[in-house]
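Dear colleague,

Please find the structure below, handed over for your records. My notes on it follow directly after.

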Amino acid sequence: MEREALVSIYERLKISPIWKNKWVLLEDFTYYIITKWEWPTINIPKWFIFNWASIPRLFYIIGTPMATDTLIASVIHDYLYATQTKDRSDCDDLFYNVMKLCKVFILKRIIYYLWVRIWWWVVWKGYNIIK
């Protein structure tokens, strides 16, 4: 994906903070997957609430989680976790791949990926309980 296309996506993604580390989408957002995935698009509805890559403060040395480079991957990942329409490993792999497409620094990308793989099973189970 070209850098200009990413800038265009950031400009189109309308969000607003609502509480502490919670953000809300102000418009529907569709992400077109340009990889080998079975599902070519992800449609995230207006008013979806996400946390924008919550990680322990210890990892802030590699950059704040609320940087624009992680925004798209975070929204998609949180939505896939909330809906659980795909396997957890597929959601996490897509999170990594979208960060790669968005040119997230490799060390940051690996740390975020390992964080969701090691810890976020708790969140995944929590969403299962809600269902």
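Which residue in β2 does Ser 16 stand opposite? Ser 16 stands opposite Val 24. Before the remaining findings, two notes on the basis of these values are in order. The model is a predicted one, in which local features need pLDDT of at least 70 and side-chain atom pairs count only at pLDDT 80 or more, while totals for chains, interfaces and linings use all residues. Residues are numbered from 1 along each chain as its sequence is written, and side-chain values use heavy atoms, with hydrogens and water left out.

Overall composition

The protein chain has five helices and five strands, where helices (H or I, at least four residues) and strands (E, at least two) are DSSP runs numbered from the N terminus. Read from the N terminus, the order of elements is α-β-β-β-β-β-α-α-α-α. Of the 131 residues in the protein chain, 41% are buried; buried means under 20% relative accessible area, exposed over 50%, and partly exposed in between, with a 1.4 Å probe and protein chains only. Contacts (heavy atoms within 4.5 Å) between residues at least 6 apart in sequence join residues at least 24 apart in 61% of cases.

The sheet

An open, antiparallel sheet is formed by three strands in the order β1-β2-β5; two strands pair if DSSP finds at least two bridges between them. Its edge strands are β1 (15-19) and β5 (49-50), each of which pairs on one side only. Four bridges join β1 to β2 (residues 22-25), and these strands run antiparallel. Within this pairing, Ile 15 stands opposite Leu 25 in β2. The hairpin of β1 and β2 has two residues between the strands, and Lys 20 there takes a positive phi near 40°. On the β5 side, β2 pairs in the antiparallel sense over two bridges, and Val 24 has Ile 49 as its bridge partner.

The helix pair α2 and α4

The axes of α2 (residues 68-83) and α4 (residues 106-119) come within 13 Å and cross at roughly 15°. Axes here are lines fitted to C-alpha atoms, for helices over the stretch in contact, and angles run from 0 to 180 degrees between N-to-C directions. The two helices are therefore roughly parallel to each other, given that angles under 35 degrees count as roughly parallel, over 145 as roughly antiparallel, 65 to 115 as roughly perpendicular and the rest as oblique. The crossing of α2 past α4 is right-handed, that is, the near helix is turned clockwise from the far one by less than a right angle. On the α2 side, the contact is made by Asp 69, Thr 70, His 77 and Tyr 81, and on the α4 side by Lys 108, Tyr 112 and Val 116. By class, this contact has three nonpolar, two polar and two charged residues; Ala, Val, Leu, Ile, Met, Phe, Trp, Tyr, Cys and Pro count as nonpolar, Asp, Glu, Lys and Arg as charged, and the others, Gly among them, as polar.

Positive phi in two loops

Trp 47 is not a glycine, yet has a positive phi of about 80°. Trp 47 lies in the loop between β4 (41-44) and β5 and counts as exposed, at 55% relative accessibility. Gln 84, also a residue other than glycine, has a positive phi near 50°. The loop between α2 and α3 (88-101) holds Gln 84, which is buried with a relative accessible area of 14%.

With kind regards
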